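Please read them with the structure open.

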Amino acid sequence: MRMARKLAAIIAADVVSYSRLMGVDEAETLAALKTHRRDLIDPNIAEHQGRIVKTTGDGLLIEFPSVIEAVQCAVEVQRAMQERNSDVPADHRIEFRVGINLGDIIIDGDDIYGDGVNVAARLEGLAEANGICVSRVVHDQVRDKLGLGFEDLGERQLKNIARPVRVFRIATPDIGLRTQSANPALAIPDKPSIAVLPFTNMSGDPEQDYFADGMVEDIITALSHFKALFVIARN
């Protein structure tokens, strides 16, 4: 069966420090994430005509027919999450980072593949907590239509992407992002520490990147259950 192709706006998002949150209180983290999904994220996605393609525990891959709708959805969710976290202790906050790209995708049943998806995932990895990073094509499509400010982060060589991608960050005041100085420094624990670095996809198939990333997150989550260890996330 021949697979279809189309142009689409893609959002890749995940929870920052998910493994640490699960280690602190697994039940509380899962319950809070489900509440955010039910009350805020899923309704917002539907309102902007988005479709959740897949979930990866702490992450979401979402397809939109319009790049403007995709950016509006991301900004609204990030602003609302800032408000929801205002009374939550810093070490219990669920905070998302988001990457948005507009590109060609391959449709295989309910799933999507291709560089359009891979670039969005790499942009998400560049975003900070509560932040949104977009590709140049997204920036060019929305810069004069949504009244948002952008910070040019320059060209970046993204993993498994042949050509450098110019990356822009939506200006922090436009999404209510706190400055780094507002975040308290974490204390260094008096116990053994272990860091799980990103795995390298050696298969030569870029579509396996999600599998490699998911395996890393599973290992981090499993290690976080050992209270004698301080586990450092791959990012």
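1. Is cysteine 133 buried or exposed? The model is a predicted one, and in it cysteine 133 has a relative accessibility of 1%. Buried means under 20%, so cysteine 133 counts as buried. Cysteine 73, at 3% relative accessibility, is buried too.

2. On disulfides, the count is 0. A disulfide is a covalent bond between the sulfur atoms of two cysteines. The rule applied here asks for a pair of cysteine sulfur atoms within 2.5 Å.

3. Next, the charged pairs. The whole structure holds 11 salt bridges. One of them joins arginine 37 to aspartate 42, with N to O at 2.6 Å. Arginine 37 is partly exposed, at 23% relative accessibility. Aspartate 42 is also partly exposed, with a relative accessible area of 27%.

4. Look next at glutamate 124 and arginine 97. Their closest N and O atoms are 3.2 Å apart, and the two form a salt bridge. This pair links distant parts of the chain: glutamate 124 sits in helix 4 (residues 115–126), arginine 97 in strand 4 (residues 96–108), and 27 residues separate them. Both glutamate 124 and arginine 97 are buried.

5. Glutamate 128 and arginine 169 make another salt bridge, at 3.9 Å from N to O. Glutamate 128 lies in the loop between helix 4 and strand 6 (132–135), while arginine 169 belongs to strand 8 (residues 165–170), so the pair ties together parts 41 residues apart in sequence. Glutamate 128 has a relative accessible area of 22%, which makes it partly exposed. Arginine 169 is partly exposed as well, at 22% relative accessibility. As for shared partners, salt bridges join Asp14, Arg97 and Glu124 into one network.

6. Which residues of the largest nonpolar core touch the most other members? They are Ile11, Phe64, Val71, Ile100 and Ile132, out of 36 residues in that core. Helix 3 (residues 67–84) gives the most to this core, contributing 9 residues. In soluble globular proteins, nonpolar side chains tend to be buried together.

7. Isoleucine 132 deserves a look of its own. Leaving out residues up to four places away in sequence, isoleucine 132 touches Ala74, Val75, Gln78, Val98, Ile100, Ala127, Phe168, Arg169, Ile170 and Ile175. Arg169 in that list is also the salt-bridge partner of glutamate 128.

8. Finally, there is a second, separate core. This second core has 10 residues, among them Ile10, Val53, Leu61 and Ile112.

Technical notes
Residues numbered from 1 in each chain as written. Predicted model: local features only at pLDDT ≥ 70, side-chain atom pairs only at ≥ 80, totals over all residues. Heavy atoms only, no water. Buried < 20%, exposed > 50% of the residue type's maximum accessible area, 1.4 Å probe, protein only. Salt bridge = Lys/Arg side-chain N within 4 Å of Asp/Glu carboxyl O. Helix = DSSP H or I, 4+ residues; strand = E, 2+ residues; numbered from the N terminus. Core = buried A, V, L, I, M, F, W, Y, C linked by side-chain atoms within 4.5 Å. Contact = heavy atoms within 4.5 Å.
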